[in-house]
Amino acid sequence: MRIYMLILGIIMSQLLFAQKPNVIVIVADDLGNADVGYHQQSKDIPTPNIDELAESGVYFSCGYVTAPVCGPSRAGLLTGNYQQSFGFDDNPGPFRAQPDVLAGIPTDIKIISEYLKPQGYQTACIGKWHVGHEADEYFPTNRGFDYFYGFLGGAASYYPGNNENRTLYKNTRVVKSESRYLTDAFGDEARDYILNARNKPFFMYLAFNAVHGPLQETPDKYKEPFKHIENPKRRTLCAMQYAMDANIGKVLKTLEEEGLRDNTLIFFVSDNGGKIKGNYSYNMPYRGEKGTLYEGGIRLPFCVSWPAKVNGGEEYSEAVSTLDILPTILAATSVNDKNTMVGKDLLPYISGKENGPVHDVLYWRINHRWAIRNNEWKLVNNEANGTPKLFRILSDRSESENLYEKYPEVVKALEEEYQAWSDKMGPKLWGWSPTVGKYVHHPDEDFEGINTEQFLPQPNRGQLAFVDNPLRQGLNKSDNVLKIMPYDSAESDLSVLMKTSVFQRRKRYLSLKIKAVEQCLPMIEIKGKKGKATSIQPMETFKANGQWQILCFDCQAFKGAVSQISFTFQSTKKPLTEAIFLDDIHFKSKPD
């Protein structure tokens, strides 16, 4: 009887899962509006697979993102709310409104994966993250993703090789080497994930870094169609875009072969407009580019495909936003959540059950730039000290005729409406503009906020592990700490090397927490291209009493950019035989 009930339970579970759609959100990076075939603005780049998504579903001819740059645009998409409501106006940058601010989506604001994983979905994040990594809790695998393969910041080389800059991660570990062209690697990872997850519903956030800079030559197989293009940078850009389309095709083919295509809900969108002079992606017929709040920076390729539920070959011309992606996914997956979102479920609109505009008004704000759009008008203030421009956007999508002087009453109404919204959003908390605040923070000054792989053992001078905190009280209540263990045949000292991407140290003192039961002399050495500072001793006397202690090192002697820091624990009487624990390694402005 038990076996019968177990089998019945498995069958019922599979039937339940079979009704739930798989979900994939594909995000391109800096893709210009003209550089997809179905927009029929340029014939430079064939994009058969992106076109197939548009033709098999609905393409939004008035599709917007919430920011003209990468990080905040992605934050809006993932949360379904204006990112300004939690201070994410700009990309994660060094300027902070308060000294304790960490840039990223706050952990009390759920993202797509955190809605779907509790509902039995398998979840994967492949590609570019760029929505916060300054603390462990912001890491993708702590934000509802079972699997992560990608990089954390805003850009990465398309040829990681031996991953010297330690930018590429698999889950929480630095990838030792990656020989594949990065766009191909992301496509391969997406394909393999589908094959491994095909028996249960899955959600995949596939965020390519193509066609974001650096402009780098692609493998030869992607170059052939573009030999006729004279401008070498544009030629490279076209091949990069073609490579991304091919890897989207890899995903679609896998879904088709596994019988999953019909019941997979797929969104495709770019995170912002193309950077015309920087990477030669084009935004026709729109004015402006990445970084601006003209249409070329925020209105872009955006489509949805779900063959089982959504009719193909349709155009939807009302204004929609990437804010709408999450609410649509929740509706499609029958996830009920009381969390209020600005975004709307698009399914009733594209099916014709709901008429009229999805949004009465849309807003944008980044540093000194702002814009507001309703069904007919758009008011945009894109220059720091300039006068806003008014466009009848319903009939002037290229923003060619400024009507600011002609319709002062419209300007006044839109300005007041924008200001009311902006006041409600609150202040920006970080960014690349000093107007954010006087506090400066560099994420690479917090070395232990990501994972163990920044730390390397020195030959025959100890072995490393990240372990549960053996004394979670007093000065250190962290869950995990770094453990340095001596080998049986080790030298008398223990040592660990910390590799990091090169950064300009802004703070004078290095602080850490240490716990040990054997007396030793802790010392650090800092290295960079301009030299090194050796044998820096702590300002306090270390006490090996088995308790956590804070040590502070004065690093004034080191000048220039930091590339690595080594920690040595020198025995004072006999070879060290017990483990030493470290935690919370960071630079600070004042000693403890």
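At 0% relative accessibility, does Phe-148 count as buried or exposed? In this model, which is a predicted one, Phe-148 counts as buried, because its relative accessibility is 0% and the cut-off for buried is under 20%.

The structure holds 25 aromatic pairs, and one of them joins Tyr-82 to Trp-421 in an edge-to-face arrangement, with 5.2 Å from centre to centre and 75° between the planes. That pair links distant parts of the chain, since Tyr-82 sits in the loop between α3 (70-79) and β4 (95-96), while Trp-421 belongs to helix α11 (residues 408-425), 339 residues apart. Both Tyr-82 and Trp-421 are buried. As for Phe-139 and Phe-148, their ring centres are 5.7 Å apart and their planes stand at 85°, so this pair, too, is edge-to-face. There is also an aromatic cluster, made up of Tyr-158, Tyr-159, Tyr-181, Tyr-222, Phe-226 and Tyr-242.

I turn now to helix α6, and to the helices that it meets. Two packed helices are described by the angle between their axes and the distance between the axes. For helix α5 (residues 182-197) and helix α6 (residues 232-257), the axes come within 9 Å and cross at roughly 10°, and α5 and α6 are therefore roughly parallel to each other. On the α5 side the contact involves Thr-183, Asp-184, Gly-187, Asp-188, Ala-190, Arg-191, Ile-194 and Leu-195, and these meet Ala-243, Met-244, Asn-247, Lys-250, Val-251, Thr-254 and Leu-255 in α6. Sorted by class, the contact of α5 with α6 has 7 nonpolar, 4 polar and 4 charged residues.

From α2 the contact draws on Pro-48, Asn-49, Ile-50, Glu-52 and Leu-53, and from α6 on Gln-241, Asp-245, Ala-246, Ile-248, Gly-249 and Leu-252. The residues in this contact of α2 with α6 divide into 6 nonpolar, 3 polar and 2 charged.

One further residue of α6 deserves a word, namely Thr-236. Thr-236 is buried, because its relative accessible area is 8% and buried means under 20%. Leaving aside residues up to four places away in sequence, Thr-236 touches Leu-215, Gln-216 and Glu-217.

Just after α9 comes Ser-334, which takes a positive phi of about 60°.

Strand β28 (residues 561-571) is likewise mostly covered, with 8 of its 11 residues buried. Which strand pairs with β28, and in which sense? The partner is strand β25 (residues 520-528), which pairs with β28 in the antiparallel sense over 8 bridges. Among the residues involved, Cys-520 has Ser-571 of β28 as its bridge partner.

How values were computed. Residues numbered from 1 in each chain as written. Predicted model: local features only at pLDDT ≥ 70, side-chain atom pairs only at ≥ 80, totals over all residues. Heavy atoms only, no water. Buried < 20%, exposed > 50% of the residue type's maximum accessible area, 1.4 Å probe, protein only. Helix = DSSP H or I, 4+ residues; strand = E, 2+ residues; numbered from the N terminus. Pairing = 2+ DSSP bridges. Axes fitted to C-alpha atoms, helices over the stretch in contact; angles between N-to-C directions. Parallel < 35°, antiparallel > 145°, perpendicular 65-115°, else oblique. Contact = heavy atoms within 4.5 Å. Nonpolar A, V, L, I, M, F, W, Y, C, P; charged D, E, K, R; others polar. Phe/Tyr/Trp six-rings, centres within 6.5 Å; stacked < 30°, edge-to-face > 60°.
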